[in-house]
Amino acid sequence: MIHPYPYAMKNIAVPLCLIMVFACSPNAAATDIPERTYHDHIRQICDTTILLNGSDTEAKYKAIEMRGRVNVTECQGLSPEYLGVIWGAESANDYYSAVLQCGNDAYNHFIEAPYVLLKATHHTPDSIVEIGQWKIKSNIAYGKKDNTIAVELNAANNSVKLLAGNKSLHLIHQFTSTVNPTLGYSGVTTCGCADISLLVTEHEPDLAASLTTHWTLHDIDDYLSSASHNGIEGFWKYLDRDNDERYCRLGGKYTVAIIKSGDGYDILFIDGAQTNSPLWHAGMKKGHLTPTIFENHYDLTWFDATFRPASDECNATIEQNAILTLNFPLLKSSIRLSKMPTGK
């Protein structure tokens, strides 16, 4: 969840421990740290919808939080002005929104009855469908004062959480979306003029999904059974390792396939994962080999057991067209694979 006042270092890139062929010692589990971005260039907006720069790809989790005030018209009932956030945007005319709108059920009465309405809507080019609306009468500021609105999106269960408040955020409503709510862009929307004091997004990418390829085990087997493929291409199976347990530990005894791709070779996972084994499927990208000027020597990019890339000083060598050694100097470790006969 995004905290109400996260005034801290912006666009923090948290350094992770080095986890490559192996999972990081002592704990092999992945630690997912959302990427946070502050959009300080958006401060005053009027009658507009803005899609924010950022990823529109699938994610495990997304959130957007905005704090600001709108120049409301004081009147009986709802004022026409509002400010809010949007998500799942395919375009400026196709998105979901949650907005805050000031209201008063007893304007100019001796005892007034102010409130803030939180309204969620699905906008399409052809229609506007209301998801729901909720009157907020506590932990909220009325009139031309700052409030915060936030939406948290979870791909695991398609949940959408709507939060709002003045000094702190409170859960107002939660519902299940019919589609993955993390897909598409996030943004902001206003009617009237608004002053924005904070706009921040969080994004936790689905690293496993990012390694999915079009290859299936059947397609890989058919391709490698043909007579036309390159000599390095084929199935390779775990042979042995030389690793320092102080830096890393084995994430699996992998069987992989090496297939020509562009100027190098993709390493595709086949079997043998131990860490995060339910998330690894045949055909996922495990790494990439790029030839160097030296014969049988390659620059190596490797995706570790927690789906994160490693490439700094990593390299690979092939001996006798039968032994592939993956070297990780910064981890003082290496792993060897042996080539398997065609057809495994």
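The side chain of Asp-266 makes a polar contact with the side chain of Ser-261 at 3.2 Å. A polar contact here is a pair of N or O atoms within 3.5 Å; within protein, one must be able to donate a hydrogen and the other to accept it, and residues adjacent in sequence count only if both atoms are side-chain atoms. The model is predicted: local features need pLDDT of at least 70, side-chain atom pairs count only at pLDDT 80 or more, and totals for chains, interfaces and linings use all residues. Residues are numbered from 1 along each chain as its sequence is written, and side-chain values use heavy atoms, with hydrogens and water left out.

Asp-266 belongs to strand E19. Strands (E, at least two residues) and helices (H or I, at least four) are DSSP runs, numbered from the N terminus. With a relative accessible area of 13%, Asp-266 is buried; buried means under 20% relative accessible area, exposed over 50%, and partly exposed in between, with a 1.4 Å probe and protein chains only. Leaving aside neighbours within four places in sequence, Asp-266 is in contact with residues including Ile-258, Lys-285 and His-288, where contact means heavy atoms within 4.5 Å.

Lys-339 is found in strand E25, residues 333-339. Its relative accessibility is 26%, so Lys-339 counts as partly exposed. The side chain of Lys-339 reaches the backbone oxygen of Glu-233 at 3.2 Å. Beyond four places in sequence, the contacts of Lys-339 include Glu-233, Trp-236 and Asn-321. From Lys-339 to Ile-258 the C-alpha distance is 10.0 Å, and the two are 81 residues apart in sequence.

Aromatic rings come next. A pair of aromatic rings is described by the distance of the centres and the angle of the planes. Rings of Phe, Tyr and Trp (its six-membered ring) pair if their centres lie within 6.5 Å; planes under 30 degrees apart count as stacked, over 60 as edge-to-face and the rest as tilted. The whole structure holds eight aromatic pairs. In one of them, Tyr-254 and Phe-269 have ring centres 6.1 Å apart and planes at 80 degrees, so the pair is edge-to-face. Tyr-254 lies in strand E18 (residues 252-261) and Phe-269 in strand E19 (residues 264-273), so the pair ties together parts that are 15 residues apart in sequence. Both Tyr-254 and Phe-269 are buried. Ring pairs also link Tyr-254 and Phe-269 with Trp-280, Trp-302, Phe-307 and Phe-328 into a cluster.

The charged end of Lys-135 is over the ring of Tyr-115, 4.4 Å from its centre, and Lys-260 lies over the face of Tyr-265, at 4.9 Å from the ring centre. The rule asks for NZ of Lys or CZ of Arg within 6 Å of the ring centre and within 35 degrees of the ring normal.
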